[in-house]
Amino acid sequence: MERPFREAPQRFVISHHNETDFKTGGLRDYSAYRDLGVSAATNGLAKAHVIRMIAPFRTELSLRHHHNVQFQLVYCLKGWFQTDFEGIGPQRLVAGSCWVQPPGIRHTVVGWSDDCELLEILIPAEHETISDP
């Protein structure tokens, strides 16, 4: 069987739930992030983390932006999360649902439940988030 991505060797990683793994100081101060080790295991090919909303939604947090990525998937683990996508309109994730955001799609987060937790998978691991007018 041929292995893809030979130029980017990967290693085995396992991540078990541990509350102390949730860290603040990431992209948004209203979220805590639990890195699942995918970036280190794939040499930056991909990133996977659990995002926990740690503050109630406020309208001033609704800033239009986009991510310079090749792939982005968001899966709702708990609660709900709503975003307004350019050209698509408002979409709400509830526990058990997911969306794939096309690269560069402009969007604005418009709400979340107090117990919201999301799994996000991104390619590449390191990418730029750009605020839009």
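1. Tyr30, Phe57, Phe81, Phe85, Trp99 and Trp112 make up one aromatic cluster. Rings of Phe, Tyr and Trp (its six-membered ring) pair if their centres lie within 6.5 Å; planes under 30 degrees apart are stacked, over 60 edge-to-face, the rest tilted. The model is predicted: local features need pLDDT of at least 70, side-chain atom pairs count only at pLDDT 80 or more, and totals for chains, interfaces and linings use all residues. Residues are numbered from 1 along each chain as its sequence is written, and side-chain values use heavy atoms, with hydrogens and water left out.

2. The whole structure holds five aromatic pairs. One of them, Phe57 with Trp112, is edge-to-face, at 5.0 Å centre to centre and 85 degrees between the planes. Phe57 sits in the loop between S2 and strand S3 (65-68) and Trp112 in strand S8, so this pair ties together parts 55 residues apart in sequence.

3. Phe57 is partly exposed at 22% relative accessibility; Trp112 is buried at 4%. Buried means under 20% relative accessible area, exposed over 50%, partly exposed in between (1.4 Å probe, protein chains only).

4. Strand S2 (residues 47-53) has six of its seven residues buried. Strands here are DSSP runs (E, at least two residues), numbered from the N terminus. S2 pairs antiparallel with S1 (residues 31-35) over five bridges. Six bridges join S2 to S9 (residues 117-123), also antiparallel. Pairing requires at least two DSSP bridges.

5. Arg52 is the bridge partner of Ala32. Arg52 also lies over the face of Phe22, 3.8 Å from the ring centre. The criterion is NZ of Lys or CZ of Arg within 6 Å of the ring centre and within 35 degrees of the ring normal.

Notes. Helix = DSSP H or I, 4+ residues; strand = E, 2+ residues; numbered from the N terminus.
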